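Good morning. I will walk through one model today, going from its helices to a few contacts and then to its surface. Please have the sequence and the 3D view open.

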Amino acid sequence: MRHILAMRPGTASALVTSTRGLWGICAAVAIICILARLPFLVAPGLSVDSYINFAGGPAKERFLSQGRFGQFLLLRAMQGMGVDPETSATLFQGVGFACFAFVAPLFFAAFDRPGQTRAFAILLPALLLVLHPFQAEILTFSEASFTALIAIATGIAAIFITARAPQLWWLGMALMVAALSTYQLVLNYVGIMLLLGLTRAGIDAEGDGAARWRVYRPSVTSAIMVAASVMYALAQQAPTV
């Protein structure tokens, strides 16, 4: 484990090495959560919005006025491949939920020091995050849950990448812009992750000067990346008519 801690932070190789063993936890959380939510994922159902969307769905202007150009592009891409987002909503809801559940452990492991992540310490919180009753409400809107869950998963991944490899901030920003352009409530999850990172940095900070503040670099870099992403997403939002 010492060679992991000794690697120069911020490199792509360090990111890959520091995540060894973490993907097994992610897979375990995804499997448990899919089994727990199976009734939502195998029984097709319609919501109030479903009937509206069957009549043609929201217009392009509505997506753009809400700043959800990413959601519009995603749905159009699905239609371009011959997939009807409405009739395939239940299937894609399962895909979105699996992605969200898979990255849930990264929500709590993003600001851990490489090699110091404990499976039990992130397994239970990840299960609580995904299986909390609040997360069940969105599954009653199968035609909307896929894009929302994909956006949340993408936002969590963006923070994780930026925190573990600050030199890859550009990749984190690209993912964050994609997430925000699909579902702006991603900021709720991102904000909590940043608070966890700052709390961890405050606990780990020791010494004086640069040595002390170096532990804040992942949190500060992630916060700047999120701020830049929000400003870019706002600049792309069309004015409401």
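When I say helix, I mean a DSSP run of H or I with at least four residues, and a strand would be a run of E with at least two, numbered from the N terminus. With that in hand, Ala165 sits in the loop between α11 and α12.

Some housekeeping. This is a predicted model, where local features need pLDDT of at least 70, side-chain atom pairs count only at pLDDT 80 or more, and totals for chains, interfaces and linings use all residues. Residues are numbered from 1 along each chain as its sequence is written, and side-chain values use heavy atoms, with hydrogens and water left out.

Next, accessibility. I call a residue buried under 20% relative accessible area, exposed over 50%, and partly exposed in between, with a 1.4 Å probe and protein chains only. Ala165 has 0% relative accessibility, so this residue counts as buried. Ala165 is 56 residues from Thr221 in sequence, and the two C-alpha atoms are 9.8 Å apart in space.

On either side of that loop are α11 and α12. Thr162 belongs to α11, which covers residues 142-164. Thr162 counts as buried because its relative accessibility is 0%. What does the side chain of Thr162 reach with a polar atom? The backbone oxygen of Ala158, at 2.9 Å. That is within the limits for a polar contact: a pair of N or O atoms within 3.5 Å, where within protein one must be able to donate a hydrogen and the other to accept it, and residues adjacent in sequence count only if both atoms are side-chain atoms.

Now α12. Gly172 is in this helix, and with 0% relative accessibility Gly172 counts as buried. Gly172 and Ile159 are 13 residues apart along the chain, with 6.5 Å between their C-alpha atoms. Val177 is also in α12, and is buried at a relative accessible area of 12%. For Val177 and Val226, the separation along the chain is 49 residues, and the C-alpha atoms are 8.5 Å apart.

Ser181 counts as buried, at 2% relative accessibility. Its side chain comes to 2.9 Å from the backbone oxygen of Ala178.

On to charges. Side chains of opposite charge can pair when their charged atoms come close. The term salt bridge here needs a side-chain nitrogen of Lys or Arg within 4 Å of a carboxyl oxygen of Asp or Glu. How many salt bridges does a search of the whole structure find? One. The partners are Asp112 and Arg200, at 2.8 Å from N to O. This pair links distant parts of the chain, 88 residues apart: Asp112 is in the loop between α8 (89-109) and α9 (119-131), and Arg200 is in helix α13 (residues 186-204). Asp112 is buried, with 14% relative accessible area, while Arg200 is partly exposed at 24%.

Further along, Val215 is in the loop between α14 (209-213) and α15 (217-235). Val215 is partly exposed, at 24% relative accessible area. From Val215 to Asp204 is eleven residues in sequence, and 7.0 Å from C-alpha to C-alpha.

Back to helix α7, residues 69-80. The expected span is 1.5 Å times one less than the number of residues. For the twelve residues of α7 that gives 16 Å, and the end C-alpha atoms are 16 Å apart, which agrees. Its buried residues are Phe69, Gly70, Gln71, Phe72, Leu75 and Met78. Gly82 follows α7 and has a positive phi, near 85°.

Cysteines next. A disulfide would be a pair of cysteine sulfur atoms within 2.5 Å, and the search of the whole structure finds zero. Cys33 counts as buried at 0% relative accessibility, and Cys99 is partly exposed at a relative accessible area of 30%.

Last, the surface. Patches are made of residues with over 30% relative accessible area and no salt bridge; like charges are joined within 9 Å, and nonpolar side chains (Val, Leu, Ile, Met, Phe, Trp, Tyr) within 5 Å. Areas come from the Shrake-Rupley method with a 1.4 Å probe, and for residues only the protein chains shown count as cover. Ile31, Leu35, Leu38 and Val42 make a nonpolar patch of about 390 Å². Helices α3 (22-36) and α4 (38-42) each supply at least two of the patch residues. Leu35, in α3, counts as exposed at 59% relative accessibility.
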